[in-house]
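Reader: I am new to this structure. Could you take me through it?

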2 protein chains.
Amino acid sequence: MGQNPTAHGYSSGMPLHEKALIQRIRRQAPGGSSVVKGIGDDCAVLRVPPGHELLVTTDFTIEKVHFRRDWHRPDAVGRRCLARGLSDIAAMGGQARAAFLSLALASDVPQKWVDRFMTGLLSLADEFHVPLAGGDTAQSPVGIQADIVVVGSVPRGKSVLRSGARPGDQIYVSGELGGAAAALARLAAEQSMGREASALLRPHPRLAVGEWLRRRGLASAMIDLSDGLSTDLAHICEESHVGAEIDAEAIPLARVGQQKKLVALDLALHGGEDYELLFTSSQNVPARVAGVRVTRIGRITQASGMRLLDPNGRMRELQPQGWEHFRATF
Amino acid sequence: MGQNPTAHGYSSGMPLHEKALIQRIRRQAPGGSSVVKGIGDDCAVLRVPPGHELLVTTDFTIEKVHFRRDWHRPDAVGRRCLARGLSDIAAMGGQARAAFLSLALASDVPQKWVDRFMTGLLSLADEFHVPLAGGDTAQSPVGIQADIVVVGSVPRGKSVLRSGARPGDQIYVSGELGGAAAALARLAAEQSMGREASALLRPHPRLAVGEWLRRRGLASAMIDLSDGLSTDLAHICEESHVGAEIDAEAIPLARVGQQKKLVALDLALHGGEDYELLFTSSQNVPARVAGVRVTRIGRITQASGMRLLDPNGRMRELQPQGWEHFRATF
């Protein structure tokens, strides 16, 4: 073990590689009114509004599991790393207060890669006014491992959980689905990240949509679409002890390519990484929320299990087939 | 990338290895009044007392960097993983509210290793009544990477920072120093972890000491000794814009081995991993706080830099030589 080669709060004795990174973070990390004390002590000190509860989410981003250095642009990896955490806050109807990045790097990772990763991450942080308030750095024996923590808040008792869906509720999604899965399939075929794949893999966490729904009490249950519609809907059904029926023709399919071709239904049903919101409501929800399209795609049922009304008018069983379905891609 | 092979809040579609882990965590994780909603949603929901600020700390524990599977006992690795975070909360004078574990495992890591790692981690969580409220799991292409997040709280404005030391303040440490470094040196020599090394590498985060000092307003600055006295004292000096003089003979040396031999001064000065508290005070501090020995070892000076009064009565310059000094061990 020798001694501890990591930084506590980005400040300890460490290799130059890490020092450069931390100086960059200190210089570029956006400030924020929630952060009383950021990088440079044993802990970050945060303030949340009186009467609020805390939201905490953590997400790994691991080389050769979540991305490949030879396929993915480093700024896209950085953006996605933070987007995953922000999307989880959105799915609770919360406001993001601060982010923390733990980053382990092998000594052969070029400084330029790290710089571009940080550019992608910090530009998204800036877009959502989320300060990077701390984290950890370490040497990695091989490759790149990042862990993002996002802390948010929500008025006490107002979190939108997965467990609140009731029979008769309508099922809605924000945005369009399947675009990220289509881009990933193309990435696998072309083995590099063109402009289109970059755009499709540029998630926009739906914080404004989630907060709007929570403020109006419109969402009875909510989750973000990270693993794919069929898998994430199964989580709502499981936690709410209900079933669901989805109308295949209602699912808003993403358009890809120069011909703006609609993606295949399977990509929208089972592809992940869209980072849209899936929610249920007992009320009518507007077709646009916070500037984002919202589409009704089905209903919650008392009968357990998930069913799909296919385009031919046949009802068939819908199995959760999220990331596992596409696993062979990688 | 395929799809996302990780759990969001320990719940997504995932390999059986991860499922078993999560079931174990759900079953064994201690509850806690701070946790409104734990594992099983997009975020954990936490409550902190009114008028409190939040403390957040993250720390990596990476195989071949922080531990070796062939040297370290898995329960000791798990205990240390959480201890690092708890110790950071102690150094702010805070109370630990909840922990989050992100754990990436290669497919060749035996389930038994993971079980014993979790036993070590959860028994420490239990000891300090800190609920494990969430995290993430992932496949790792190689080895084991863990990231621990601890969330704590402290009454508003009462955090003990590194920046509060003033010339004339006395410098104190809790416990004895150098024991962990001695154990690590022995580990490197014997290449396995005997009973004694286990005991010396069994950190006891000083939460009660930190909180006692904070409540009485006794500590002007505080840090935990993770990287070694010389390095961690340098952090206080840097953040407080002061210097320090240490009396070598006053440093409380750990006793090791069957003969209870005092460790070498260098191990106490530069060895890390002791997880004791180093703090400054303008007042007299009792020789025991919360059942733990507290020793005055020097004073803060206006003159910058660190100096050591050695056992021969000579004053010499003291350089921060924390983990780097011992790096060759590993």
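Author: The centres of domain 1 and domain 2 of chain A, taken over C-alpha atoms, are separated by 26 Å; domain bounds come from an automatic or database domain assignment. This is a predicted model, in which local features need pLDDT of at least 70, side-chain atom pairs count only at pLDDT 80 or more, and totals for chains, interfaces and linings use all residues. Residues are numbered from 1 along each chain as its sequence is written, while chains are lettered from A and ligands numbered from 1 in the order in which they are written.

Reader: Which residues does the assignment give to each domain of chain A?

Author: Domain 1 of chain A covers 16-155, and domain 2 covers 162-322.

Reader: How many residues of the two domains are in contact?

Author: In chain A, 18 residues of domain 1 are in contact with 23 residues of domain 2, contact meaning C-beta atoms, placed from the backbone, within 7 Å.

Reader: And which element gives the most on the side of domain 1?

Author: Helix H2(A) does, with ten residues. Helices (H or I, at least four residues) and strands (E, at least two) are DSSP runs, numbered from the N terminus.

Reader: Changing topic, what is the strand order in the open sheet?

Author: The six strands are ordered E5(A)-E4(A)-E6(A)-E3(A)-E2(B)-E1(B), with mixed pairing; strands pair if DSSP finds at least two bridges between them.

Reader: How many bridges join E3 of chain A to E2 of chain B?

Author: Three, and these strands run antiparallel. A:Val56 has B:Ala44 as its bridge partner in E2(B).
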